[in-house]
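Reader: I am new to this structure. Please walk me through the terms as they come up.

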Amino acid sequence: MRLVLQLVARLLLIVALCLGAATIWATFDAYRSVDRATAASAQRVAQALQALYWRELLLRSSRAREHLLPVPDWRTLETMKLISPGVCVEFQPATAFEKPLCGQSEGLGKTPPRWFAAIVPTFLGSHAEVVRPVSPRADSAGTVVATPDAAAAISLAWEYILNVIDVALLMAAAIALLASLAIAHALAPARAIVTALQRMARGQYHTKLPRFRSMELAMIGNAVGELGGRLEEATEQRAALTRRLIEIRDDERRALARELHDEFGQNLSAILAFANTIETASARTSRDNGIAQDARMISQATHHLMASLRDALKRLRNPLPEELGLEASLVNLVDSWRSQSAARPTIQLDLRGDLTDVRGPAATTAYRVAQECLTNALRHGAAREISVRIERRAGDDDALLIHVEDDGGGDAERVAQSAGFGLTGIRERIAAAGGSLSILPARGGLSVAATIPLAA
């Protein structure tokens, strides 16, 4: 899962938790606001009745205080304005058949669902009535009792919650959107870092990253740049070491070729001469004792050994590209395989581009790649058709492209993981030249592709 999506998901979870907490708080506050409204209504009505009480006391001073009851005068429209919606107020002591005076409770809000009406009183409790004296200095003036309507209180709480949730949802959506955009913008440079790492994986170690505003990303960018420099230096050192090892190995091959030619070649020539002498002497004696036949067999075996030695010397001594050039050496290689192979395979050689000035290590590497591919296809497979294409790609990326494809079967994955001397040597030469090698399955066989920079 992408990091941006993970951060956005966590942000949405936090927003959801905050929204849930806001809903719980809104429910508690809205439910308890009815208690505050009840207390305020009782206080306002008590203050109004206190003023009415003292006015009646001054105007009717001849009456006893216990007979000064403002009941006939307090149930007015002005008193109704002092009572909050959903609250009922009554005066004590009340007269017979007197009903409480209630504020407007119809149309306070939407009817709450049953589960809400059942859960809220269970967890938050019921509302208590509020009692306020008309006059703290005269107990006989009576009291005001304010009682909240439970149904109206729940309706008010539900309406308040809906209003708060609407605003909270809009804010949550806005926060989630803006935060997601901010997170995506903050993590956008990560794509440049990943692209640089992918280029480094392909061998392009010198990759310059832009300057990042974030200190953390800037530190990562600097680390990637330093890593690229170290990898480039290590790759150059490894390539130089590989080239030196190849030079030493070529020197050893040439020395071995000289030793084989001087020692084995002369000894084989002597054995062949002795065998011919024995065969001639045996023929002169005219005796059928099998000596002549044995001498001929020794001569045939010696000729076979000398042919194998010549073939080994060709492979051990200086490669043909250093003598004939890449184009002529490739033509000679293909012609020799056509003449040597008993199966007479169809070998197609396709040379593209100007190869006349291709010499040195690049030409030797290209020749060795083609030679090894032909050897594997003809000796270790049953190839009937082999295609060899050598192309020079001009321009800024001056390189040789080598593509060899055969129909001799073979497991591309197993061959790619092979640790044979021939394939290992090819890998070393291509790595020393700074190139690349790929072995893939083809129609009926294998496809080997190599890239060799000419600037190496």
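Author: Start with helix α4, residues 114-124: its buried residues are Phe116, Val120 and Leu124. This is a predicted model, where local features need pLDDT of at least 70, side-chain atom pairs count only at pLDDT 80 or more, and totals for chains, interfaces and linings use all residues. Residues are numbered from 1 along each chain as its sequence is written, and side-chain values use heavy atoms, without hydrogens and water.

Reader: What makes the buried residues of α4 line one face of the helix?

Author: Seen down the axis of α4, they fall within an arc of 25°, so they line one face. The arc is that of the directions from the helix axis to the C-beta atoms. An α-helix has 3.6 residues a turn, so residues three or four places apart point the same way.

Reader: Which residues are exposed on the face turned away?

Author: Arg114, Trp115 and Thr122. Exposed means over 50% relative accessible area, buried under 20%, partly exposed in between (1.4 Å probe, protein chains only).

Reader: Why are β2 (101-102) and β3 (130-133) called edge strands?

Author: The open sheet has four strands in the order β2-β1-β4-β3, with antiparallel pairing. β2 and β3 each pair on one side only.

Reader: What makes β1 and β4 a pair?

Author: Two strands pair if DSSP finds at least two bridges between them. Six bridges join β1 (residues 87-92) to β4 (residues 143-148), so they are a pair.

Reader: What is the mean pLDDT of the chain?

Author: pLDDT is the predictor's confidence in each residue, from 0 to 100. The chain's mean is 77, and 87% of its residues reach 70 or more.

How values were computed
Helix = DSSP H or I, 4+ residues; strand = E, 2+ residues; numbered from the N terminus.
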